[in-house]
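Please look through the chain below with the following notes at hand. They are written for someone new to reading models.

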Amino acid sequence: MSFPPLRDPFATPDPTPSRPVDPTLPIQGTDSDALLSRWSAVQTGYLHDPYIQHFVPLRQRRSQRRPPVINRGTWVRTLAIDALVERFLEVTEDKERAGSEIKRQVVSFGAGSDTRYWRLMERLRIEKPGKSPNEQPRIDAFRWHEIDFPSMIKKKAKTIATTPDLLAPIRGTDGFESVHIDQSAGTIVSPSYCLHALDLTNLPSLAPNDIPNLDPSLPTLFISECCLIYLPPDKVTGILNWITGNFGSAGLLIYEPILPHTHFGKMMTHNLSSRDITLRTFGTYPDLRSQARRFLDGRFTAGTAKDINELHDKWIPEDEIRRVQGVEMLDEVEEWKLLGAQYCISWGYKEKDAGVNTWAGWRGLEDK
Ligand SMILES: C[S@@+](CC[C@H](N)C(=O)[O-])C[C@H]1O[C@@H](n2cnc3c(N)ncnc32)[C@H](O)[C@@H]1O
């Protein structure tokens, strides 16, 4: 006679089969870091952003402020990216201004909880001093696309759908009819703003027309604010080639850390790896030179890269620097300089035809 094997009554029960954990969750979590850094910069008075409150969970609203050097970095990065985006949208050619159809588009990779679309819509309503009515950027002349992982996009779509302040500019003058929000898929399709659920590693296998309302015949600015660095190098190369292969007139701007071999760079790598996060192209584009070079390798016709120190010294207007000096004391000047060298914005573009001036607003910024 045989007995069933005896069980140890004190052993922990067999783990119940669990659902596989999504390996991209740690990367998705980096959006919260970026959001709370911007929230800190807004709360302290560096940035104006009445829309961010809708994305910050109540329990995190009182979270500790970031140190002054971090607030400053967020401020410089935000203003510099805003400047590049706004210059692209300043449609100055008369033939482009004719009619009211969409003339340009912006695609934000890994947009997370970013609020740039709403801040921009608010700012573009304010007349630019020193520019004729004909030179004012037009808010109805562009379409804004955002891409992120499906679970991130679903959360964002829900917040937008339930927040009148966020919904208003998307409805625009067309009314609600032309805005399609699918909360279960997390997508939004409208003439002004579109939200797409997509793992960017799959982008090179798609045709631009697979993405609703994306028109490859329009001049298009792609933005990666701390996103492409999480993708494997061959996927990033594939995305740059996808852009230049499919879009006649295209620009790309990238914000990300550089200098992986400094003490700070090693510390960042170590801290992130303890959260299961790898900066996949940190070593592939480790300095300003390789950051600029990547655009030429990706078949853009021009590429430039500047670190946060240079952008601070050359791009931020003096009155804005004076204003921020009154916002918060900065005692750690040496630390600020070290940190400013660790992050850069790089950008590049290609024109459809010689003689077309789509990226005229960006020219001259290389030497500024
Ligand atoms: C550091 S956050 C930056 C968020 C926003 N761009 C900002 O600067 O505030 C990185 C974002 O990229 C997204 N991301 C990373 N890899 C991605 C991928 N393969 N496909 C889609 N989104 C991705 C993450 O989900 C996250 O929202």
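The numbered points below go from the whole chain to single residues.

1. Basis. This is a predicted model, in which local features need pLDDT of at least 70, side-chain atom pairs count only at pLDDT 80 or more, and totals for chains, interfaces and linings use all residues. Residues are numbered from 1 along each chain as its sequence is written.

2. Confidence. The chain has a mean pLDDT (the predictor's confidence in each residue, from 0 to 100) of 89, and 86% of its residues reach 70 or more. Two residues are in contact if their C-beta atoms, placed from the backbone, lie within 7 Å. Where pLDDT is low, the predicted coordinates should not be read in detail.

3. Overall make-up. Among the contacts with a separation of 6 or more, 77% join residues 24 or more positions apart. Of the 368 residues, 35% count as buried. A residue is buried if 20 or more other C-beta atoms lie within 10 Å of its own, exposed if 12 or fewer, and partly exposed in between, with C-beta atoms placed from the backbone.

4. Ligand shell. Which residues come nearest to the ligand? They are A34, G110, G112, L200 and E225, out of 21 residues around the ligand; a residue is near a molecule if its C-beta atom, placed from the backbone, lies within 6 Å of it. Helix α1 (25-44) and strand β2 (142-148) each supply at least two residues of this shell, and the largest share, five residues, comes from α1. By class, the shell has eleven nonpolar, five polar and five charged residues. Here Ala, Val, Leu, Ile, Met, Phe, Trp, Tyr, Cys and Pro count as nonpolar, Asp, Glu, Lys and Arg as charged, and the others, Gly among them, as polar.

5. Helix packing. α1 also packs against α2 (residues 68-89), at an angle of about 95° and with the axes 9 Å apart. Axes are lines fitted to C-alpha atoms, for helices over the stretch in contact, and angles run from 0 to 180 degrees between N-to-C directions. α1 is therefore roughly perpendicular to α2, a label for angles of 65 to 115 degrees; those under 35 count as roughly parallel, over 145 as roughly antiparallel and the rest as oblique. On the α1 side, S37, R38, S40, A41 and T44 meet I70, N71, T74 and W75 of α2.

6. Positive phi. Most residues other than glycine have a negative phi. C226 has a phi near 55° and sits in the loop between β6 (220-225) and α7 (233-246). L259, also not a glycine, has a positive phi of about 60° and is in the loop between β7 (250-257) and α8 (263-273).

7. Is I223 buried or exposed? I223, in strand β6, is buried because 26 other C-beta atoms lie within 10 Å. Leaving aside neighbours within four places in sequence, I223 is in contact with V106, S108, F109 and L253. D165, in helix α6 (residues 164-171), is exposed because it has 12 other C-beta atoms within 10 Å. Beyond four places in sequence, D165 is in contact with Y51 and H54. D165 and H54 are 111 residues apart in sequence and 9.1 Å apart in space, C-alpha to C-alpha.

Notes:
Helix = DSSP H or I, 4+ residues; strand = E, 2+ residues; numbered from the N terminus.
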